[in-house]
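Please look through the structure shown below before reading on. The report that follows takes up aromatic rings, then a sheet and its helices, and ends with a single residue in a loop.

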Amino acid sequence: MKVAVVGASGAVGQEFLNILEHRDLKIDELVLFGSERSAGRKYNYRGRELTVKLLQHNDDFKGIDYALVSAGGSTSKEFAETITKHGTIMIDNSSAFRMDKDVPLVVPEVNAGDAKNAPRRIIANPNCTTIQMVVALKAIEEVSHIRRVHVATYQSASGAGAQGMAELELQNRELVEGKEPTVAKFAYQLAYNVIPHIDVFADEDYTKEELKMFNETRKIMHSDIKVSATCVRVPVMRAHSESIWVETERPVSPAEARAAFERAEGIVVMDEPEKKSYPMPLFLAGRDEVFVGRIRKDLTSENGLTFWCVSDQIRKGAALNAVQILESLIR
């Protein structure tokens with residue numbers, strides 16, 4: 001089996017290499033691609049030194065079975081035909097194709113079977129906030145159909161890539177030194193602040209990030225579920241958190257929900273309030289699972305349930321989910 005990583009030098013590309021290094025995947029050859037800026041860089045993979053090739057419109061993808069792509073939406077659109085024309089399956093991490101009707105949008109714990117129907121040989125990886133949420137929602141949906149969701153996200157700097165993490169680190173250092181903080185990647189200073197604005201504003205003053213959670217959730221879950229989201233950037237380095245409220249068709253008790261979460265694939269329950277045990281991004285960055293806690297009855301609705309959810313959005317929210325799609329295709 002021959003696999004390519006496109007965007008190998010980026011934060012998600014590096015996570016691809018880290019995950020592939022430790023997964024039990026029988027990859028005979030791994031080929032790395034990148035932009036002019038990253039072409040020529042060398043990375044170690046399972047004891048071998050790999051050199052990043054320049055991504056070009058040529059026949060470099062001939063013979064490659066799968067391509068894990070995280071190079072931005074414009075690059076994905078430009079190179080999709082080049083990548084897939086010889087039969088390569090493109091698993092794309094950008095938002096370029098997510099809502100296309102002939103492109104499956106896949107979270108393996110929820111809808112792995114959708115990946116089998118990819119007429120354009122493109123499979124889309126959902127947005128990071130959507131991925132961790134639908135893994136949790138799937139567990140509840142198995143118990144009772146979910147009618148609507150309200151969610152507030154607490155998204156880390158790493159959601160804006162390596163530049164976002166670097167800017168948060170720089171701002172913290174500058175503030176300690178008494179300097180004016182550098183603001184470039186985010187709309188405002190992120191250190192000691194929260195910013196209720198991720199992506200650009202769109203319909204009815206929702207941001208694109210918030211609308212993604214509405215549209216992607218319905219497509220992944222094949223459901224009429226309605227999602228209202230407020231997405232917030234917080235001064236956390238890595239791993240996203242979400243406060244989620246669901247309304248189900250029938251009342252679901254916290255005990256029933258907890259049992260559903262415990263038997264669900266990909267979820268770890270951390271829910272012992274008396275012991276101050278609940279998921280926190282500081283301690284869960286680098287982990288693969290979706291962590292759920294603070295499970296309780298909503299006080300305003302008989303059919304309401306609320307819980308807290310944390311997951312590393314570079315791993316499960318991006319690179320790991322794509323690799324799991326690859327694994328499900330191989331199986």
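## Aromatic pairs

Rings of Phe, Tyr and Trp, the last taken by its six-membered ring, count as a pair if their centres lie within 6.5 Å. In this model, which is predicted, there are three aromatic pairs. One of them joins Phe33 and Phe61, which are stacked, with 4.5 Å from centre to centre and 20° between the planes. Phe33 belongs to strand 2 (residues 29-34), while Phe61 sits in the loop between strand 5 (53-54) and strand 6 (66-69), so this pair ties together parts that are 28 residues apart in sequence. Phe33 counts as buried because its relative accessibility is 0%, and Phe61 counts as buried at 1%, the cut-off for buried being under 20%.

Another pair is formed by Phe261 and Phe307, whose ring centres are 5.1 Å apart and whose planes stand at 65°, so that the pair is edge-to-face. Since Phe261 lies in helix 7 and Phe307 in strand 14, the pair ties together parts that are 46 residues apart in sequence. Phe261 and Phe307 are both buried.

Strands of a sheet pair through backbone hydrogen bonds, and they may do so in a parallel or an antiparallel way. Here six strands make up an open sheet with mixed pairing, in the order 10-9-11-14-13-12. Strand 10 (226-233) and strand 12 (267-269) stand at the edges with a single partner strand each, and therefore one side of each has no neighbour in the sheet. From one strand to the next, the twist averages 25°.

Strand 9 (residues 146-155) and strand 10 run parallel and are joined by eight bridges. Arg148 has Lys226, in strand 10, as its bridge partner.

## Helices against the sheet

Helix 4 (residues 128-141) lies across strand 9, strand 10, strand 11 (240-248), strand 12, strand 13 (290-297) and strand 14 (304-311), and runs at about 35° to strand 11. Helix 7 (residues 254-263) also packs on the sheet, where it touches strand 12, strand 13 and strand 14, and its direction makes about 170° with that of strand 13.

## A residue in a loop

Is Phe201 buried, partly exposed or exposed? Phe201 is found in the loop between helix 5 (161-176) and helix 6 (208-221), and it counts as partly exposed because its relative accessibility is 48%. Phe201 and Gln313 are 112 residues apart along the chain, and their C-alpha atoms are separated by 22 Å.

Note on methods
Residues are numbered from 1 along each chain as its sequence is written. This is a predicted model: local features need pLDDT of at least 70, side-chain atom pairs count only at pLDDT 80 or more; totals for chains, interfaces and linings use all residues. Side-chain values use heavy atoms; hydrogens and water are left out. Two strands pair if DSSP finds at least two bridges between them. Helices (H or I, at least four residues) and strands (E, at least two) are DSSP runs, numbered from the N terminus. Axes are lines fitted to C-alpha atoms, for helices over the stretch in contact, and angles run from 0 to 180 degrees between N-to-C directions. Contact means heavy atoms within 4.5 Å. Rings of Phe, Tyr and Trp (its six-membered ring) pair if their centres lie within 6.5 Å; planes under 30 degrees apart count as stacked, over 60 as edge-to-face and the rest as tilted. Buried means under 20% relative accessible area, exposed over 50%, partly exposed in between (1.4 Å probe, protein chains only).
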